[in-house]
Amino acid sequence: MVPIECEAASINGELSRYSNAISQLINDTVAVIIVARSPRDPRGQEALTEIETLRANVMNAMIGWLPPGAAAEFLYRRGRIEQFNDQTVFWRDEFLTYHDLEK
């Protein structure tokens with residue numbers, strides 16, 4: 001799991017009149033990279049089959065997991081082939097959560 005993006009959910013923060021504090025939601029996106037080789041299959045079909053099995057395990061682990069400091073459980077964002085070369089497939093799935101930034 002690799003953090004890939006951290007951005008404000010909106011540029012509007014909330015200012016509390018009572019504590020003079022600002023609170024803002026921050027989106028956190030992480031990526032899980034899955035790598036599979038298929039030396040006997042130059043088209044990568046065997047590797048894609050293996051990746052589907054591994055992705056199911058990643059989905060079960062990530063979706064609904066509440067990491068420490070987060071305000072919400074991870075949700076699935078998107079997935080895609082990152083690279084295919086030398087009979088190796090690199091697949092990337094992204095997951096999104098958010099946390100409160102307070103000052």
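Colleague: How much of the protein counts as buried?

Modeller: Of its 103 residues, 28% count as buried. Keep in mind that this is a predicted model.

Colleague: Okay, the fold next. What does the pattern look like along the sequence?

Modeller: Reading along the sequence you get β-β-β-α-β-β. That comes to 1 helix and 5 strands.

Colleague: Which strands does strand 5 pair with?

Modeller: Strand 4, residues 75-85, pairs with strand 5 in the antiparallel sense over 9 bridges. Strand 3 pairs with strand 5 too, again antiparallel, over 15 bridges.

Colleague: Can you give me some bridge partners to click on? Which residue in strand 5 goes with Arg78, for instance?

Modeller: For Arg78, go to Glu94. Arg80 has Arg92 as its bridge partner in strand 5. From the other pairing, Ser23 is partnered by Glu102 of strand 5.

Colleague: How many residues sit between strand 4 and strand 5?

Modeller: There are 2 residues between them, and the two strands form a hairpin. Have a look at Asp86 in that turn: its phi is positive, about 45 degrees.

Colleague: Nice. Changing topic: which residues have the most contacts inside the largest nonpolar core?

Modeller: Those are Ile34, Ile51, Val58, Met62 and Phe95, in a core of 13 residues. At least two core residues each come from strand 3 (22-37), helix 1 (45-62) and strand 5 (88-102).

Colleague: And where does the largest share come from?

Modeller: From helix 1, with 5 residues. As a general point, nonpolar side chains in soluble globular proteins tend to be buried together.

Colleague: What does Val58 touch, leaving out residues up to four places away in sequence?

Modeller: Val58 touches Val32, Ile34 and Phe95.

Colleague: Phe95 again! Is that one buried or exposed?

Modeller: Phe95 is buried, with a relative accessible area of 0%.

Colleague: How many aromatic pairs does a search of the whole structure find?

Modeller: The search finds 2 aromatic pairs. One of them is Tyr76 with Phe95, which is edge-to-face, at 5.7 Å centre to centre and 70 degrees between the planes.

Colleague: What does that pair tie together?

Modeller: Tyr76 lies in strand 4 and Phe95 in strand 5, so the pair ties together parts that are 19 residues apart in sequence.

Colleague: What does the side chain of Thr88 make a polar contact with?

Modeller: With the side chain of Arg37, at 2.8 Å.

Colleague: And which residues does Thr88 touch, not counting those up to four places away?

Modeller: Thr88 touches Val35, Ala36, Arg37 and Gln83.

Colleague: Last one, back to the whole chain. Among contacts between residues at least 6 apart in sequence, what percentage joins residues at least 24 apart?

Modeller: That comes to 58% for this protein.

Note on methods. Residues are numbered from 1 along each chain as its sequence is written. This is a predicted model: local features need pLDDT of at least 70, side-chain atom pairs count only at pLDDT 80 or more; totals for chains, interfaces and linings use all residues. Side-chain values use heavy atoms; hydrogens and water are left out. A nonpolar core is a set of buried Ala, Val, Leu, Ile, Met, Phe, Trp, Tyr and Cys residues joined through side-chain atoms within 4.5 Å. Buried means under 20% relative accessible area, exposed over 50%, partly exposed in between (1.4 Å probe, protein chains only). Helices (H or I, at least four residues) and strands (E, at least two) are DSSP runs, numbered from the N terminus. Contact means heavy atoms within 4.5 Å. Two strands pair if DSSP finds at least two bridges between them. A polar contact is a pair of N or O atoms within 3.5 Å; within protein, one must be able to donate a hydrogen and the other to accept it, and residues adjacent in sequence count only if both atoms are side-chain atoms. Rings of Phe, Tyr and Trp (its six-membered ring) pair if their centres lie within 6.5 Å; planes under 30 degrees apart count as stacked, over 60 as edge-to-face and the rest as tilted.
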